[in-house]
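Open the model in your viewer and keep the selection tool at hand. The stops below are meant to be taken in order.

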Amino acid sequence: MQQALNHQYRRLRLILGDQLNLEHSWFGEPDASVLIVVAELKQEASYVRHHVQKVCAFFAVMEQFAQALQQQGHHVLYQTLDDTAEYDSLETFLTALCMRFEVEYFDYLQPDEYRVSKQLRELALPAEVQKQSVDSEHFLLPLTEIDRHFTTGKPARMETFYRSMRRRLNLLMDDDEPEGGRWNFDQENRKKLSPAAVAELPKPLLFSNDVSDILQRLKRHQIACIGREQNVLPWPVNREQADALLQFFCQVCLSNFGTYQDAMTANSESDWSLYHSRLSFALNAKILHPLSVVNAAIAAYRNDPEVNLAQVEGFVRQIIGWREFIRGIYWSNMPEYAVHNALSATRQLPEYFWTGKTRMRCLEKAITNSLDHSYAHHIQRLMVTGNFCLLAGIDPAAVDDWYLGIYLDALQWVELPNTRGMALYADGGLVGSKPYAAGGNYIKKMGDYCESCHYSVKQRTGEGACPLNSLYWHFMAQHKDRFQSNHRMRMLYGTWNKMGDETQRAVLDQAEHYLKTIGQL
Ligand code: FAD
Ligand code: SF4
């Protein structure tokens with residue numbers, strides 16, 4: 001697909017793998033003095049051990065993006081790993097390009113990750129080259145306005161932020177009031193799937209993108225990856241496929257999105273996808289704009305009587321609320337956020353996070369889904385793997401690396417506050433006012449994993465007791481000084497205090513036994 005590049009370009013513009021926004025104002029009229037560079041870089045493929053489908057998906061979507069730009073008449077230089085392997089850093093690569101094309105200007109889009117942003121800001125190019133960055137024109141809250149909503153080191157609350165975004169964007173509003181009289185329909189949502197509902201789960205829309213060439217490149221350049229390798233990638237790698245997935249979501253999944261948002265099952269081929277949109281990769285690579293996604297969902301609600309307000313509000317909240325909120329937390333707290341460890345957690349991540357070989361059915365399902373698909377739905381990430389790491393006191397750095405590597409949609413700006421903040425409470429409460437901690441009962445209430453588990457969810461202690469039950473109370477006892485005055489946790493400490501010394505000791509002994517043998521659970 002390489003284009004003849006015979007021009008003296010004045011301007012070199014770098015597009016990163018998560019900046020593939022064809023609607024960016026840079027791509028209006030083609031300009032023959034501008035060379036757009038899209039490059040597969042070893043540093044990006046190996047800054048953490050990624051899932052192989054994740055690297056394939058990013059490289060595939062970058063190639064398709066470069067082709068789309070070329071078809072529109074833009075001059076594009078696509079560099080594969082083979083082309084960039086000789087450069088030991090992004091700086092040497094970009095310096096070589098600036099010199100080769102004798103450009104006067106180097107432009108880049110503001111990166112979303114602190115690591116890359118710093119690298120580009122500090123980039124030392126030849127003195128005659130002027131450097132500038134511009135907005136990626138993707139997010140709904142401009143970067144420059146984040147500090148109006150978020151203060152470094154201060155807790156922020158999603159619900160307040162979400163309401164301001166609903167008003168700002170005028171979505172699902174009746175003048176200044178929320179449509180339907182309420183901001184939040186959580187009470188109607190979040191049901192368990194009955195066996196009949198499990199049988200009706202839709203088959204996910206999957207694509208068949210050939211990535212065998214990319215896989216060979218990864219092997220040639222010894223990029224170490226994890227997860228199931230496939231020559232055919234089921235994820236969307238261009239705008240058309242992303243639009244098709246969005247339409248599929250609106251037509252097939254949206255009518256049940258909120259209802260089963262927190263449900264879990266092990267009893268269906270679609271147990272990994274349920275009614276979730278699986279749009280996070282397309283959104284995070286920026287082939288889809290968040291406003292086009294919420295507008296499509298709202299249009300489905302207006303036109304399809306099967307889609308009610310509770311479902312669409314639940315979905316809109318994820319995109320204009322949670323997604324933008326998480327980004328605000330990230331940018332207002334970096335770089336300190338990346339080392340927060342408020343609960344002083346230091347334990348190693350057990351080996352089964354890389355194999356799925358554990359007798360805990362809930363973890364086994366969440367981990368194997370992740371290894372197979374480079375995807376797990378939100379409640380698996382938060383209340384299964386995340387909850388386990390929280391209760392077991394796993395080192396947040398190890399948890400971050402696992403989440404950042406394994407998920408197709410994982411980029412630090414969105415992974416970090418979700419993992420350190422929402423799942424691990426390692427930020428001391430900047431994201432959530434209390435830890436999302438749960439024992440086995442929650443997993444049982446929301447799904448059917450416990451029915452086929454080696455452990456008994458009914459037991460707190462004794463042979464075969466569900467590990468989460470004792471670990472839950474152990475966690476609460478360990479952090480009593482920090483949490484007992486939290487008014488949302490008072491009842492829980494009341495229950496713990498009423499248990500009596502003997503029961504408490506038995507529960508703590510059980511948990512300590514599990515923590516000592518954590519690798520064998
Ligand atoms: P759906 O359930 O269909 O939700 C729709 C969209 O809402 C998602 O595509 C996503 O863009 C947005 N969204 C929902 N919740 C969140 C949230 N908490 N933060 C940001 N966006 C949200 N999301 C990522 O995109 N990348 C990550 O690396 C990531 N890591 C996570 C780690 C943990 C520990 C947790 C608890 C959550 C994480 N999330 C992450 C958020 C969320 O789990 C995923 O966005 C979601 O599972 C993606 O699947 P989906 O597209 O089917 O989402
Ligand atoms: Fe998970 Fe416990 Fe249920 Fe097993 S019994 S699936 S470990 S919650």
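The model is predicted: local features need pLDDT of at least 70, side-chain atom pairs count only at pLDDT 80 or more, and totals for chains, interfaces and linings use all residues. Residues are numbered from 1 along each chain as its sequence is written, chains are lettered from A and ligands numbered from 1 in the order in which they are written, and side-chain values use heavy atoms, without hydrogens and water.

**Ligand 1**

Select ligand 1 and the 29 residues around it; a residue is near if one of its heavy atoms lies within 4 Å. His276, Ser277, Arg278, Tyr375 and His378 come nearest. By class, this shell holds 15 nonpolar, nine polar and five charged residues; Ala, Val, Leu, Ile, Met, Phe, Trp, Tyr, Cys and Pro count as nonpolar, Asp, Glu, Lys and Arg as charged, and the others, Gly among them, as polar.

Next, show the distances from the ligand. An oxygen atom of ligand 1 lies 2.7 Å from a backbone N or O atom of Arg278. A side-chain N or O atom of Asn284 is 2.8 Å from an oxygen atom of the ligand, and one of Asp409 is 3.0 Å from a nitrogen atom of the ligand. How much of ligand 1 does the protein cover? The protein covers 99% of the 810 Å² of accessible area that the ligand has on its own (Shrake-Rupley method, 1.4 Å probe).

**Helix H14**

Now select residues 361-373, helix H14; helices are DSSP runs of H or I with at least four residues, and strands are runs of E with at least two, numbered from the N terminus. 10 of its 13 residues are buried, so H14 is largely enclosed by the rest of the structure. Buried means under 20% relative accessible area, exposed over 50%, and partly exposed in between (1.4 Å probe, protein chains only). Among the buried residues are Arg361, Leu363 and His373. Helices H2, H15, H16, H18 and H19 are what they pack against. Ser374 follows H14 and has a positive phi, near 60°.

**Single residues**

Select Ser470 in helix H19. Ser470 is buried, at 0% relative accessible area.

Move to the loop between H13 and H14, where Pro335 sits. A cis peptide bond joins Met334 and Pro335, with omega about 5°.

Finish at Asp175, in the loop between strands E6 and E7. Its phi is positive, near 50°, and Asp175 counts as exposed at 78% relative accessibility.

Key:
Polar contact = N/O pair within 3.5 Å; in protein donor to acceptor, adjacent residues only side chain to side chain. Expected span 1.5 Å × (residues − 1). Contact = heavy atoms within 4.5 Å.
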